[in-house]
Amino acid sequence: MYEDVREVESRLEMKDFPLNIIVEPGNYCNLNCSTCANNKLTRPKGTMNILLYKKIVDEIARENPYARLWLDFYGEPLLQKYKIYYMVDYARKKGLVNININTNGTLLDREMAEMLLDSGIRFISIDCDGFSKEVYEKIRVGADRDVTYANIEYLLKRKQELLVKDTIVEVKVMEMEENRHEVDQILAYWRQRGAWTTTRRLISWAGMCEDIKPKAQTSRVACANAVGILAITWDGKAVNCVMDVDAQYVCGDVTQSSVKDIWIQRNRDMVSKHMEHRFEELPEICQSCTDWAIIGEERFDDQGNPVQKDYGHRNKML
(Lines give C-alpha, C1' and ligand atoms only; values in the text may rest on other atoms or scores of the structure.)
Protein backbone atom coordinates (compact mmCIF):
# COMPACT_ATOMS: atom_id res chain seq x y z
CA MET A 1 0.00 0.00 0.00
CA TYR A 2 1.17 3.50 -0.78
CA GLU A 3 1.77 5.77 2.19
CA ASP A 4 -1.30 7.81 3.11
CA VAL A 5 -0.64 11.51 2.47
CA ARG A 6 -2.22 12.41 5.82
CA GLU A 7 0.15 10.04 7.60
CA VAL A 8 3.09 11.56 5.74
CA GLU A 9 1.92 15.04 6.74
CA SER A 10 1.81 14.00 10.41
CA ARG A 11 5.56 13.29 10.28
CA LEU A 12 6.55 16.57 8.63
CA GLU A 13 8.45 19.19 10.60
CA MET A 14 9.85 22.59 9.75
CA LYS A 15 13.56 22.62 10.49
CA ASP A 16 16.31 25.24 10.16
CA PHE A 17 18.09 23.13 7.54
CA PRO A 18 16.64 20.90 4.79
CA LEU A 19 16.46 17.14 5.19
CA ASN A 20 16.84 16.65 1.43
CA ILE A 21 19.06 18.82 -0.76
CA ILE A 22 18.89 18.17 -4.47
CA VAL A 23 21.86 19.45 -6.45
CA GLU A 24 21.63 19.45 -10.23
CA PRO A 25 24.90 18.37 -11.90
CA GLY A 26 23.35 19.43 -15.20
CA ASN A 27 19.93 19.64 -16.84
CA TYR A 28 20.78 17.86 -20.06
CA CYS A 29 19.14 14.49 -20.74
CA ASN A 30 19.76 11.77 -23.30
CA LEU A 31 16.13 10.61 -23.40
CA ASN A 32 12.72 12.08 -24.21
CA CYS A 33 10.50 10.13 -21.82
CA SER A 34 6.72 10.31 -22.05
CA THR A 35 6.51 11.12 -18.33
CA CYS A 36 9.02 13.99 -18.35
CA ALA A 37 9.02 17.68 -19.27
CA ASN A 38 12.76 18.13 -19.83
CA ASN A 39 12.18 19.04 -23.47
CA LYS A 40 9.82 21.83 -22.32
CA LEU A 41 12.32 23.60 -20.10
CA THR A 42 12.75 27.30 -20.89
CA ARG A 43 15.59 27.89 -18.42
CA PRO A 44 19.17 27.72 -19.73
CA LYS A 45 20.97 24.42 -20.17
CA GLY A 46 24.25 23.94 -18.38
CA THR A 47 26.34 22.05 -15.84
CA MET A 48 27.26 22.96 -12.28
CA ASN A 49 30.62 24.57 -11.61
CA ILE A 50 32.57 22.39 -9.21
CA LEU A 51 33.44 25.38 -7.00
CA LEU A 52 29.74 26.05 -6.49
CA TYR A 53 29.17 22.39 -5.71
CA LYS A 54 31.94 22.40 -3.11
CA LYS A 55 30.44 25.49 -1.49
CA ILE A 56 27.10 23.69 -1.10
CA VAL A 57 28.64 20.46 0.19
CA ASP A 58 30.90 22.29 2.64
CA GLU A 59 27.85 23.95 4.17
CA ILE A 60 25.92 20.67 4.40
CA ALA A 61 28.91 19.11 6.17
CA ARG A 62 28.91 21.94 8.72
CA GLU A 63 25.17 22.10 9.29
CA ASN A 64 24.05 18.47 9.11
CA PRO A 65 26.14 15.70 7.50
CA TYR A 66 23.10 13.40 7.77
CA ALA A 67 21.10 15.54 5.33
CA ARG A 68 20.37 13.65 2.13
CA LEU A 69 22.34 14.93 -0.85
CA TRP A 70 20.70 13.98 -4.15
CA LEU A 71 22.73 14.37 -7.35
CA ASP A 72 20.01 14.85 -9.92
CA PHE A 73 16.97 17.20 -10.24
CA TYR A 74 16.04 17.56 -13.91
CA GLY A 75 18.65 15.97 -16.12
CA GLU A 76 20.56 12.71 -16.44
CA PRO A 77 23.48 12.99 -13.98
CA LEU A 78 25.59 10.26 -15.58
CA LEU A 79 26.09 12.50 -18.61
CA GLN A 80 28.69 14.17 -16.37
CA LYS A 81 30.79 10.98 -16.46
CA TYR A 82 33.94 11.18 -14.28
CA LYS A 83 32.71 14.38 -12.64
CA ILE A 84 30.03 12.39 -10.84
CA TYR A 85 32.70 10.26 -9.18
CA TYR A 86 34.44 13.40 -7.97
CA MET A 87 31.18 14.87 -6.66
CA VAL A 88 30.36 11.74 -4.65
CA ASP A 89 33.92 11.31 -3.44
CA TYR A 90 34.19 14.93 -2.31
CA ALA A 91 30.92 14.76 -0.37
CA ARG A 92 31.92 11.50 1.29
CA LYS A 93 35.31 12.84 2.31
CA LYS A 94 33.58 15.86 3.83
CA GLY A 95 31.62 13.47 6.05
CA LEU A 96 28.23 13.35 4.34
CA VAL A 97 26.42 10.12 5.23
CA ASN A 98 23.50 10.01 2.76
CA ILE A 99 24.77 10.59 -0.80
CA ASN A 100 22.27 9.52 -3.44
CA ILE A 101 21.74 9.56 -7.18
CA ASN A 102 18.77 9.06 -9.52
CA THR A 103 19.51 7.83 -13.03
CA ASN A 104 17.68 6.40 -16.01
CA GLY A 105 20.34 3.69 -16.17
CA THR A 106 21.08 3.99 -19.88
CA LEU A 107 24.63 5.28 -19.29
CA LEU A 108 25.34 3.00 -16.35
CA ASP A 109 27.85 0.93 -18.30
CA ARG A 110 30.57 -1.22 -16.75
CA GLU A 111 32.98 1.67 -16.32
CA MET A 112 30.36 3.84 -14.62
CA ALA A 113 29.24 0.94 -12.42
CA GLU A 114 32.79 0.45 -11.17
CA MET A 115 33.17 4.16 -10.45
CA LEU A 116 29.93 4.41 -8.51
CA LEU A 117 30.64 1.32 -6.43
CA ASP A 118 34.13 2.66 -5.66
CA SER A 119 32.88 6.14 -4.81
CA GLY A 120 31.16 5.33 -1.54
CA ILE A 121 27.73 6.44 -2.69
CA ARG A 122 24.93 5.40 -0.35
CA PHE A 123 21.94 4.99 -2.66
CA ILE A 124 21.55 4.46 -6.42
CA SER A 125 17.99 4.72 -7.73
CA ILE A 126 17.42 3.52 -11.29
CA ASP A 127 14.23 4.13 -13.27
CA CYS A 128 12.86 1.02 -14.97
CA ASP A 129 9.29 1.51 -16.13
CA GLY A 130 8.74 -1.57 -18.26
CA PHE A 131 9.58 -5.25 -18.47
CA SER A 132 8.89 -5.92 -22.12
CA LYS A 133 10.90 -4.07 -24.74
CA GLU A 134 7.72 -2.62 -26.21
CA VAL A 135 6.43 -1.11 -22.96
CA TYR A 136 9.80 0.08 -21.65
CA GLU A 137 10.79 1.85 -24.87
CA LYS A 138 7.35 3.40 -25.30
CA ILE A 139 7.81 5.16 -21.94
CA ARG A 140 11.60 5.66 -21.93
CA VAL A 141 11.80 7.15 -25.41
CA GLY A 142 15.30 6.89 -26.86
CA ALA A 143 16.43 4.09 -24.54
CA ASP A 144 17.18 0.46 -25.35
CA ARG A 145 15.50 -1.85 -22.85
CA ASP A 146 18.10 -4.59 -23.22
CA VAL A 147 21.01 -2.19 -22.65
CA THR A 148 19.46 -0.76 -19.49
CA TYR A 149 18.66 -4.20 -18.10
CA ALA A 150 22.20 -5.40 -18.81
CA ASN A 151 23.60 -2.30 -17.08
CA ILE A 152 21.59 -2.89 -13.92
CA GLU A 153 22.39 -6.60 -13.90
CA TYR A 154 26.11 -5.88 -14.11
CA LEU A 155 25.93 -3.29 -11.32
CA LEU A 156 24.16 -5.74 -9.01
CA LYS A 157 26.55 -8.56 -9.92
CA ARG A 158 29.63 -6.42 -9.21
CA LYS A 159 28.13 -5.12 -5.98
CA GLN A 160 27.90 -8.72 -4.78
CA GLU A 161 31.35 -9.68 -6.06
CA LEU A 162 33.01 -6.67 -4.41
CA LEU A 163 31.06 -7.20 -1.17
CA VAL A 164 29.82 -3.62 -1.25
CA LYS A 165 27.33 -3.59 1.61
CA ASP A 166 26.85 0.12 2.26
CA THR A 167 25.52 0.97 -1.20
CA ILE A 168 21.84 0.27 -1.86
CA VAL A 169 20.72 -0.25 -5.46
CA GLU A 170 17.05 0.48 -6.00
CA VAL A 171 15.01 -0.18 -9.13
CA LYS A 172 12.13 2.28 -9.25
CA VAL A 173 8.93 1.91 -11.27
CA MET A 174 6.60 4.79 -12.05
CA GLU A 175 3.22 3.11 -12.19
CA MET A 176 0.95 4.22 -15.03
CA GLU A 177 -1.68 2.87 -17.37
CA GLU A 178 0.88 1.75 -19.95
CA ASN A 179 2.88 -0.48 -17.59
CA ARG A 180 0.46 -1.45 -14.80
CA HIS A 181 0.20 -5.01 -16.10
CA GLU A 182 4.00 -5.42 -15.90
CA VAL A 183 4.75 -3.84 -12.52
CA ASP A 184 4.71 -7.08 -10.52
CA GLN A 185 6.94 -8.74 -13.11
CA ILE A 186 9.47 -5.90 -12.97
CA LEU A 187 9.61 -5.94 -9.18
CA ALA A 188 10.00 -9.74 -8.97
CA TYR A 189 12.75 -9.75 -11.60
CA TRP A 190 14.93 -7.20 -9.84
CA ARG A 191 14.25 -8.43 -6.33
CA GLN A 192 15.56 -11.85 -7.37
CA ARG A 193 18.79 -10.16 -8.45
CA GLY A 194 19.42 -8.33 -5.18
CA ALA A 195 17.87 -4.93 -5.82
CA TRP A 196 15.58 -2.93 -3.61
CA THR A 197 12.33 -2.11 -5.42
CA THR A 198 10.10 0.93 -5.27
CA THR A 199 6.83 1.83 -6.93
CA ARG A 200 5.63 5.42 -7.28
CA ARG A 201 2.63 7.02 -8.90
CA LEU A 202 2.77 9.23 -11.95
CA ILE A 203 3.44 12.92 -11.28
CA SER A 204 2.71 15.90 -13.50
CA TRP A 205 5.71 18.04 -12.49
CA ALA A 206 3.36 20.77 -11.27
CA GLY A 207 1.39 20.64 -14.50
CA MET A 208 4.35 20.73 -16.91
CA CYS A 209 3.14 17.36 -18.25
CA GLU A 210 -0.33 18.52 -19.20
CA ASP A 211 -1.70 15.04 -19.96
CA ILE A 212 -0.92 13.81 -16.43
CA LYS A 213 -3.49 14.90 -13.85
CA PRO A 214 -3.11 13.32 -10.40
CA LYS A 215 -6.42 13.18 -8.54
CA ALA A 216 -6.83 13.98 -4.87
CA GLN A 217 -8.42 11.27 -2.73
CA THR A 218 -8.59 13.53 0.33
CA SER A 219 -8.76 17.19 1.27
CA ARG A 220 -5.51 19.07 0.77
CA VAL A 221 -2.61 18.49 3.14
CA ALA A 222 0.85 19.99 3.48
CA CYS A 223 3.05 18.86 0.60
CA ALA A 224 6.12 16.85 1.58
CA ASN A 225 7.84 18.05 -1.59
CA ALA A 226 7.61 21.59 -0.27
CA VAL A 227 8.32 20.98 3.41
CA GLY A 228 11.36 18.74 3.32
CA ILE A 229 13.22 19.31 0.04
CA LEU A 230 15.37 22.09 -1.37
CA ALA A 231 16.26 21.76 -5.05
CA ILE A 232 19.16 23.75 -6.51
CA THR A 233 19.63 24.17 -10.25
CA TRP A 234 23.00 23.82 -11.96
CA ASP A 235 23.51 27.60 -11.87
CA GLY A 236 22.68 27.96 -8.18
CA LYS A 237 19.01 28.90 -8.21
CA ALA A 238 17.09 27.47 -5.25
CA VAL A 239 13.48 26.81 -6.26
CA ASN A 240 10.42 26.94 -4.03
CA CYS A 241 9.46 23.35 -4.82
CA VAL A 242 11.15 20.35 -6.38
CA MET A 243 8.18 20.06 -8.76
CA ASP A 244 9.09 23.48 -10.18
CA VAL A 245 11.56 22.02 -12.64
CA ASP A 246 11.57 25.10 -14.87
CA ALA A 247 12.55 27.32 -11.91
CA GLN A 248 9.60 29.67 -12.27
CA TYR A 249 9.61 30.48 -8.55
CA VAL A 250 13.12 31.04 -7.28
CA CYS A 251 13.53 31.58 -3.53
CA GLY A 252 17.26 32.26 -3.46
CA ASP A 253 20.64 31.99 -5.14
CA VAL A 254 23.32 29.88 -3.44
CA THR A 255 26.04 31.76 -5.32
CA GLN A 256 25.06 34.76 -3.20
CA SER A 257 23.53 33.30 -0.01
CA SER A 258 23.89 30.25 2.21
CA VAL A 259 21.63 27.24 1.89
CA LYS A 260 20.54 27.76 5.49
CA ASP A 261 19.56 31.42 5.03
CA ILE A 262 17.58 30.59 1.88
CA TRP A 263 15.87 27.70 3.64
CA ILE A 264 14.86 29.72 6.71
CA GLN A 265 13.44 32.49 4.56
CA ARG A 266 11.61 29.92 2.43
CA ASN A 267 10.11 28.41 5.58
CA ARG A 268 8.71 31.83 6.51
CA ASP A 269 7.46 32.70 3.04
CA MET A 270 5.99 29.40 1.90
CA VAL A 271 6.45 26.30 4.05
CA SER A 272 4.66 27.81 7.04
CA LYS A 273 1.64 28.33 4.80
CA HIS A 274 1.66 24.63 3.91
CA MET A 275 1.93 23.58 7.55
CA GLU A 276 -0.86 25.96 8.61
CA HIS A 277 -3.05 24.96 5.63
CA ARG A 278 -3.08 28.50 4.25
CA PHE A 279 -3.08 27.06 0.78
CA GLU A 280 -4.82 30.05 -0.80
CA GLU A 281 -1.69 32.12 -0.02
CA LEU A 282 0.68 29.81 -1.86
CA PRO A 283 2.30 30.69 -5.22
CA GLU A 284 0.14 30.03 -8.26
CA ILE A 285 2.18 26.97 -9.24
CA CYS A 286 1.32 25.38 -5.87
CA GLN A 287 -2.35 26.34 -5.94
CA SER A 288 -2.95 24.57 -9.25
CA CYS A 289 -0.69 21.56 -8.53
CA THR A 290 -2.13 18.21 -7.43
CA ASP A 291 1.16 16.29 -7.16
CA TRP A 292 0.85 16.65 -3.37
CA ALA A 293 -1.98 14.09 -3.55
CA ILE A 294 0.31 11.24 -4.61
CA ILE A 295 3.19 11.72 -2.18
CA GLY A 296 4.31 8.35 -0.86
CA GLU A 297 5.64 5.17 -2.36
CA GLU A 298 5.90 1.43 -1.90
CA ARG A 299 9.48 0.43 -1.10
CA PHE A 300 10.88 -3.02 -0.34
CA ASP A 301 14.38 -4.21 0.47
CA ASP A 302 16.12 -7.00 -1.42
CA GLN A 303 14.35 -9.60 0.74
CA GLY A 304 10.92 -8.17 -0.04
CA ASN A 305 10.47 -6.54 3.37
CA PRO A 306 8.64 -3.20 3.38
CA VAL A 307 10.85 -0.19 4.13
CA GLN A 308 9.67 3.21 5.33
CA LYS A 309 11.66 6.38 4.93
CA ASP A 310 13.22 7.82 8.04
CA TYR A 311 12.19 11.46 8.43
CA GLY A 312 14.72 12.10 11.20
CA HIS A 313 17.33 14.80 10.71
CA ARG A 314 20.15 13.01 12.51
CA ASN A 315 19.80 9.54 11.08
CA LYS A 316 20.78 7.52 8.07
CA MET A 317 18.17 7.65 5.34
CA LEU A 318 17.05 4.02 5.55
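**Pocket, cavity and a helix pair**

By class, the residues that line the second largest pocket divide into five nonpolar, two polar and six charged. In this predicted model, that pocket has a volume of about 290 Å³, and its lining is made up of 13 residues, among which E175, M176, E177, L202 and I212 lie nearest the centre of the pocket.

When the whole structure is searched, one cavity of 30 Å³ or more is found, and the volume of the largest cavity is about 100 Å³. The residues lining the largest cavity are A206, R220, C223, A226, C241, M243, D244, H274, I285, C286, C289 and W292, and, sorted by class, this lining holds nine nonpolar residues, one polar residue and two charged residues.

The remaining topic is how two helices are placed against each other. Two packed helices are described by the angle between their axes together with the distance between those axes. Helix α3, which covers residues 82–93, packs with helix α4, which covers residues 110–119, at an angle of about 5°, and their axes are 9 Å apart. Because angles under 35 degrees count as roughly parallel, α3 is roughly parallel to α4. On the α3 side the contact is made by Y82, I84, Y85, V88, D89 and R92, while α4 contributes E111, M115, L116, D118 and S119. Taken by class, the residues of this contact between α3 and α4 comprise six nonpolar, one polar and four charged.

Notes:
Residues are numbered from 1 along each chain as its sequence is written. This is a predicted model: local features need pLDDT of at least 70, side-chain atom pairs count only at pLDDT 80 or more; totals for chains, interfaces and linings use all residues. Side-chain values use heavy atoms; hydrogens and water are left out. Axes are lines fitted to C-alpha atoms, for helices over the stretch in contact, and angles run from 0 to 180 degrees between N-to-C directions. Helices (H or I, at least four residues) and strands (E, at least two) are DSSP runs, numbered from the N terminus. Angles under 35 degrees count as roughly parallel, over 145 as roughly antiparallel, 65 to 115 as roughly perpendicular and the rest as oblique. Contact means heavy atoms within 4.5 Å. Ala, Val, Leu, Ile, Met, Phe, Trp, Tyr, Cys and Pro count as nonpolar, Asp, Glu, Lys and Arg as charged, and the others, Gly among them, as polar. On a 1 Å grid over the protein atoms alone, a cavity is a set of points where a 1.4 Å probe fits but cannot get out, and a pocket is an open set with protein on both sides within 12 Å along at least five of seven lines; lining residues have an atom within 4 Å of a point. Grid points are joined across faces, edges and corners, and a volume is the space filled by probe spheres set on the points.
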